[in-house]
Amino acid sequence: MRTSKPITVTLGPMQASLEKRLKSGSYDNASEILRSALRALDREEAAIEDHLRKRVTASLADPGKSVPATDVFKRLRAVHGRAVKAATRGD
């Protein structure tokens, strides 16, 4: 008995990429390509999550002085404001 169900996917411009892979012979069908893509996405997300977890753990273990949230947000607003200005100037 089948444990998965068929789905319809609209790829738009990415259809050419799928066709290229099929023609290369690397994959037998579109399902193999999509499964491979999902496995790659799972690996990417796991790597990002692992990186973030390590950064948070290191940050929590840092004996340095904490910065008040109001100061952090003030700095973030300033950085964002400069980025918006640069984008509107076309920098």
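Modeller: Helices here are DSSP runs (H or I, at least four residues), as strands are (E, at least two), numbered from the N terminus. The model is predicted, so local features need pLDDT of at least 70 and side-chain atom pairs 80 or more, while totals for chains, interfaces and linings use all residues. Numbering starts from 1 along each chain as its sequence is written, and side-chain values use heavy atoms, without hydrogens or water.

Side chains of opposite charge can pair when their charged atoms come close. Two salt bridges are present in the structure (a side-chain nitrogen of Lys or Arg within 4 Å of a carboxyl oxygen of Asp or Glu).

One of them joins Arg53 to Glu49, with 2.7 Å between the closest N and O atoms. Arg53 counts as partly exposed because its relative accessibility is 45% (partly exposed lies between buried, under 20% relative accessible area, and exposed, over 50%, with a 1.4 Å probe and protein chains only). Glu49, at 46%, is likewise partly exposed.

Lys54 and Asp50 form a salt bridge as well, at 3.2 Å from N to O. Lys54 and Asp50 are four residues apart in helix 2, so about one helical turn separates them. In this pair Lys54 is exposed, its relative accessible area being 56%, whereas Asp50 is partly exposed at 32% relative accessibility.
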